[in-house]
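My notes follow the structure.

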Amino acid sequence: MSVDLESLYTDLHSHPELSFQETRTAGVIARHLTDLGLPVEEGVGRTGVVTRIDNGDGPVVWLRADMDGLPVEEQTGLAYASTARGTDPAGNAVPVMHACGHDMHVTALIGALEKLVATRDEWSGTIVAVFQPAEEYGAGSQAMIADGVLERYPTPDIVLGQHVTPLPAGVIGVRPGTQMAASDGLTVVMHGRGGHGSRPHSTIDPIVMAAATVMRLQTVVSREVDPRDVAVVTVGSIHAGLKNNIIPAEAKLELSLRYPDDTARARVMSKVERIIRAEAQASGAAQEPTITTDHTLPPTINDVDATARLTAAFRRSFGEASVVDPGMFTGSEDVSWFARTSGAPLVFWFWGGVDPQVFADALAGGTIERDIPTNHSPFFAPVMQPTIDRGVENLVVAAREFLG
């Protein structure tokens, strides 16, 4: 009996789980893989799932899908919208949503494995399918590697992966070279001196210090990076204080920095650190800010030869107009650690999840930014079809291109 992929997708969408908490998701994946007659290893890198298809001599192809949700409250209005709640690493109760499409990634990979199992007589080689946790923390792939996944499974000849995105359904976006940016996540603590809100002169106000820092950081890209280059500096959260008449002792900022390569990373990082320290000094802080790097992700770099080969295969299968170069995305991914650590080439692509007519209307009206929700939006919701079927077909075409 074939997998009902639409039911699988709606189930996963309705039950998202935060990074490294994907126990229910892992169980659903494991049951479907077992039903396909495949071996299953659970708990890889804490909550990851791995399976393999051995089908004679030939290349080893790794297929990867991520599976964690985000602390976002869903506002799509869908009948299968998430109402799930979770607990973040700080112990806070938060809403949880598949706001980045990882539920679609899992569904597509399970559908692709079903087709590949059914067509064993048409290909040869080994497929390793990796269902990875904690992509949103930039930590899941390295957790699986640290757990020995590259030692327990055949070394890949190529690593393949895909991501649903706000392109028209039926369109694939892929390019050679840097496909996604490198990134760092920073936590910054500005240290002040607390006191009574009625006596600000007796304090060193970390909220004012943090506010000045946030504003000055906006000049890094606008005034210190060549307009022809790519860089992003985002302050994603700011936390300080508990009461309106108490000036707190510290303020915390969380930053996301993105760049295309290590040279740009060094330049942007030095400018960001300079501003943080200078604003603290300007405020008269007695203690230097604490700057902690929470994660570092390398750029997602597609192998030139393998990308050319796969692009040609996509065009043969889906038509010339269905494959575009989307440019470099400033989002980041941790899939490349599997390729980098094993020495294998990587091809990572995007596929569209927006109703083509809706996308065309927004494009014609100049309202793409307003009317087409992006990944991480509370309104992000790929159309179920043809997005699911194309996601399955993409992986089957890609795997078959590199198998014997």
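These entries cover a helix pair, a helix face and some backbone features.

I worked on a predicted model, in which local features need pLDDT of at least 70 and side-chain atom pairs count only at pLDDT 80 or more, while totals for chains, interfaces and linings use all residues. Residues are numbered from 1 along each chain as its sequence is written, and side-chain values use heavy atoms, with hydrogens and water left out.

Entry on α8 and α12. I looked up helix α8 (residues 304-318) and helix α12 (residues 387-402) and found that they pack at an angle of about 125 degrees, with their axes 10 Å apart; axes are lines fitted to C-alpha atoms, for helices over the stretch in contact, and angles run from 0 to 180 degrees between N-to-C directions. The contact (heavy atoms within 4.5 Å) is made on α8 by A306, R309, L310, A313, F314, R316, S317 and F318, and on α12 by R390, E393, N394, V397, A398, E401 and F402.

Entry on α1. I noted L5, L8, Y9, L12 and H13 as the buried residues of helix α1 (residues 5-14), where buried means under 20% relative accessible area, exposed over 50% and partly exposed in between, with a 1.4 Å probe and protein chains only. What covers these buried residues includes α2 (23-35), α3 (102-118) and α12.

Entry on the backbone. I found a cis peptide bond between Q385 and P386, with omega about 10 degrees, and P386 sits in the loop between α11 (368-371) and α12. H376 is also found in the loop between α11 and α12, and has a positive phi of about 80 degrees although it is not a glycine.

Definitions and conventions
Helix = DSSP H or I, 4+ residues; strand = E, 2+ residues; numbered from the N terminus.
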